[in-house]
Amino acid sequence: MSERHDKESPSARITRWLVSGPPLLFLLLLVAIPGVIMVFASFRYPGEFGGLAPLVAADPQTLHGLTIETYRFFFGDFIYAEVFIKSFVMALATTLICLVMAYPLALLIARSSKQIRNLMMLLVILPFTSNFLIGIYAWMIILGPQAALNQTINVLLGVFGIAPVQLLFSPVAVMIAMVYVYLPFMVLPLYTNLEKHDPVLLDAAQDLGANAWQRFWRVTFPLSQPGIFAGSALVFIPAIGMFAVPELLGGTGDIMIGNLIKEQFLGTRDWPFGSTLAILLTLAVLLVVWIVARLSARGGRYA
Amino acid sequence: MALLELRNVTRRFGDFAAVDDVSLSIEAGEFFTLLGPSGSGKTTILRMIAGFEFPDAGQVLLDGKDLADIPAEKRPIHTVFQSYALFPHLTVAENISFPLRMAHREPADIRQHLKDALEQVHLDAKAGKFPHELSGGEKQRVALARALVNRPRLLLLDESLAALDAKLREEMQVELINLQREVGITFVFVTHAQAEALALSHRIAVINRGKVEQVDEPARLYGFPRNRFVADFIGQITMIPAQVEQVGHGHLHLKVDGLGEIVTPLQQGVAAGDRGVFAIRPEQVRIGVQAELAELKNHFSGEVLSLLYQGDVSVYRVGLTNGTMIEALLPNSAPGRAELFKVGAEIRVGWRHDAGVFLHE
């Protein structure tokens, strides 16, 4: 490896820096440095009127310096862990529902003719053309108590003698909107994977005695594992930190970590605790990503 | 009864008849080859036997039973694909035992068959490897073992050696012949490489534009092509326009404009006055000075136009006095001597009276 670099010409070295430099700088300024600031902030005291307390204070009576108070606070009360677990469950449910819905769709698109394939992919990414908040507001109208959907459901429930329900401001509404937002992120990597499968492998499986069911579970499904893992990561990671959907469509009990963090910074103005929650969320996500990467490394051993 | 029979099978794609009224009969234990240029329909025939395509007309019969309603996965017929189509997520052992698992065989049974199959193709040491860790020849052997492991009635090979380099291909040809003899399973091989077809097959069907041109043993196909397509497609051949002058006892007397008479073996269905070509293989043509060739019935004057030195042999192109060009192949058996005759040399060419064949227009 080093040998190759030794032989590199000066112009090639400049090109390499020109190409990798801007994204590196971007990540350094907007991810690495803020990350360090967040870690640092999580070990400080909150300022009297928001922000952070000073590191050194002239008056020893005021709060100053470093502390692990926020972490003690987090682990001292189960209510925060509960929000974490609830967010985790919501994100996991979103991922699984997206997977179950996206897989047949991606398979259908991948096995369609070339022209139809492009049209269908266009339809899949069409929701991206409008702002997702507008979509969420649309769901508020669709799921609203006066809207046809909720009314119809309640009439049907009434037939069976079940009490009417409210869709809006419920976990169901949050779930529906989360799936709506993240479905394309599952379809895209799955389609990209399935489209690359060599159709001759299915011929070979059939030739060797596999029926349609066996061809799917023995060939298509195991070969699509990298796509499943990629899609799941793309849905799960942003979903666990989501705050706009539960804020707008969820009830008071449906808050997720994202809402909690947002509340610390903009509501109670407790920056250190907000930072702590953000750091713990990041660590939790990294843990999940690490586990998934390990699993997919085992599944994708042949790649 | 033949093991596999195709009766007037036709397969159309739109207006194009990829396979046009083909009838073939393949015997049990045979190494049968479908030989033809690309696009001739040979692969479509193979896919109909395998069950990936279905005939628009005609029947495919196995042991006298029509296969029309039997899907590919239910046919006792396995295929070795051109690209091998090994499952990349399965090891060599898992690939080979795949058909056994699909058939829900007992685990002990699977282990035994797998062990035998691995030994048969000398891959015992590679059982735990993945396809991407194998060489081309090893992949080929895994594909063969996988297709043979639960002993199909028929093994189809679709251009199976095409992806290998020349030297490896020759080795695999020998292995394939030995394997077929060992397992005794009927092989149907599809190729566009005529040399390969001649080397491997018991019988060859030459396919052109969806039709069968000729079905014969390799030596007969090479020696007695039925028409100009077969003659031209298999091996090298020189064709000289000629007319049948006289049908004699055991011989045909052909007249070639500006050259004279050629004597060639008697053939059925040829009458005096027929027009066509006289076709002769380069290795049947001899070159020499007058005295050496005097004993041959057919001999003519010519001039060496070009010489292609190929190591083991040299190919001479000789211009005859009437302007036709004839190819002659001479073995370079004398060490260090490549050029027996120089370009431009005046020489004599000749061939025996039982060489060559007359083909109708």
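Strands S1(B) and S2(B) form a hairpin, with two residues between them. In the turn, B:Gly14 has a positive phi of about 65°. This value, like those that follow, comes from a predicted model. Strand S1 of chain B covers residues 4-13, and strand S2 of chain B covers residues 16-26. The two strands pair in the antiparallel sense. Seven bridges join them. B:Phe13 has B:Phe16 in S2(B) as its bridge partner.

An open sheet of six strands was found in chain B, in the order S6-S7-S8-S3-S9-S10. Its pairing is mixed. S6 and strand S10 (211-216) of chain B are the edge strands, and each pairs on one side only. From one strand to the next, the twist averages 20°. Within this sheet, strand S7 (residues 154-158) and strand S8 (residues 186-191) of chain B run parallel. They are joined by five bridges. The bridge partner of B:Leu156 is B:Val188, in S8(B). Helix H4 of chain B, residues 136-148, lies across S6 and S7 of chain B. The helix runs at about 175° to S6(B).

A further open sheet of chain B has five strands, ordered S13-S12-S11-S14-S20. Here the pairing is antiparallel. Strand S13 (260-265) and strand S20 (357-360) of chain B form the edges, each with pairing on one side only. Neighbouring strands of this sheet are turned against each other by 45° on average, direction ignored. B:Phe278 stands opposite B:Phe358 in S20(B). In a regular strand, side chains alternate between the two faces of the sheet.

The contact between the chains takes 19 residues from chain B and 15 residues from chain A. On the side of chain B that touches chain A, strand S6 (77-80) and helix H2 (92-102) of chain B each supply at least two residues. H2(B) gives the largest share of this side, three residues. By class, the side of chain B that touches chain A has twelve nonpolar, five polar and two charged residues.

Note on methods: Residues are numbered from 1 along each chain as its sequence is written. Chains are lettered from A and ligands numbered from 1 in the order in which they are written. This is a predicted model: local features need pLDDT of at least 70, side-chain atom pairs count only at pLDDT 80 or more; totals for chains, interfaces and linings use all residues. Two strands pair if DSSP finds at least two bridges between them. Helices (H or I, at least four residues) and strands (E, at least two) are DSSP runs, numbered from the N terminus. Axes are lines fitted to C-alpha atoms, for helices over the stretch in contact, and angles run from 0 to 180 degrees between N-to-C directions. Two residues are in contact if their C-beta atoms, placed from the backbone, lie within 7 Å. Ala, Val, Leu, Ile, Met, Phe, Trp, Tyr, Cys and Pro count as nonpolar, Asp, Glu, Lys and Arg as charged, and the others, Gly among them, as polar.
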